Amino acid sequence: MSALFNFQSLLLVVLLTICTCTYVRAQAPALVDRNKAGVMGLFWKAARIGERLSPYVSLACFIMAFQLVMY
């Protein structure tokens with residue numbers, strides 16, 4: 001089933017995108033920072049969300065991992 005039609009899969013894709021963008025920005029800031037507008041700006045925004053809300057994002061990742069393992 002597509003991630004667009006399954007809410008749990010959609011949340012997983014969003015969380016993985018946020019975590020990946022935050023990691024890439026930490027390793028190579030110029031790669032993410034040069035694209036602040038347009039479609040590529042979504043990755044910059046995801047990196048900012050990951051940086052500013054990192055405790056909540058990590059908690060959401062742990063909850064999602066636990067739910068995927070148990071169900």
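## Helix packing

Helices α1 and α4 are oblique to each other, a class for angles left over once those under 35 degrees (roughly parallel), over 145 (roughly antiparallel) and 65 to 115 (roughly perpendicular) are set aside. Their axes cross at roughly 140 degrees and come within 11 Å, with α4 spanning residues 54-70. Axes here are lines fitted to C-alpha atoms, for helices over the stretch in contact, and angles run from 0 to 180 degrees between N-to-C directions. The crossing of α1 and α4 is left-handed; that is, the near helix is turned anticlockwise from the far one by less than a right angle. Helices themselves are DSSP runs (H or I, at least four residues), numbered from the N terminus.

## About the model

Please keep in mind that this is a predicted model, in which local features need pLDDT of at least 70 and side-chain atom pairs count only at pLDDT 80 or more, while totals for chains, interfaces and linings use all residues. Residues are numbered from 1 along each chain as its sequence is written, and side-chain values use heavy atoms, leaving out hydrogens and water.

## A salt-bridge network

Let us turn to the charged side chains. A salt bridge is a side-chain nitrogen of Lys or Arg within 4 Å of a carboxyl oxygen of Asp or Glu, and by this rule there are 3 salt bridges. Arg25, Asp33, Arg48 and Glu51 are linked by them in a network.

Arg25 pairs with Asp33, their closest N and O atoms being 2.8 Å apart, and also with Glu51 at 2.5 Å, N to O. Glu51 lies in helix α3 (residues 41-52) and Arg25 in helix α1, so this second pair ties together parts that are 26 residues apart in sequence. Glu51 also bridges to Arg48, with 3.4 Å between the closest N and O atoms; these two residues are 3 apart in helix α3, or about one helical turn.

How covered are these residues? Arg25 is buried, at 17% relative accessibility, where buried means under 20% relative accessible area, exposed over 50%, and partly exposed in between (1.4 Å probe, protein chains only). Asp33 is partly exposed at 23%, Arg48 is partly exposed at 23%, and Glu51 is partly exposed at 31%.

## A nonpolar patch

Phe7, Leu10, Leu11 and Val14 make a nonpolar patch of about 350 Å². Such patches join nonpolar side chains (Val, Leu, Ile, Met, Phe, Trp, Tyr) within 5 Å, or like charges within 9 Å, from residues with over 30% relative accessible area and no salt bridge. Areas come from the Shrake-Rupley method with a 1.4 Å probe; for residues, only the protein chains shown count as cover. Phe7 is exposed at 58% relative accessible area and belongs to helix α1 (residues 7-27).
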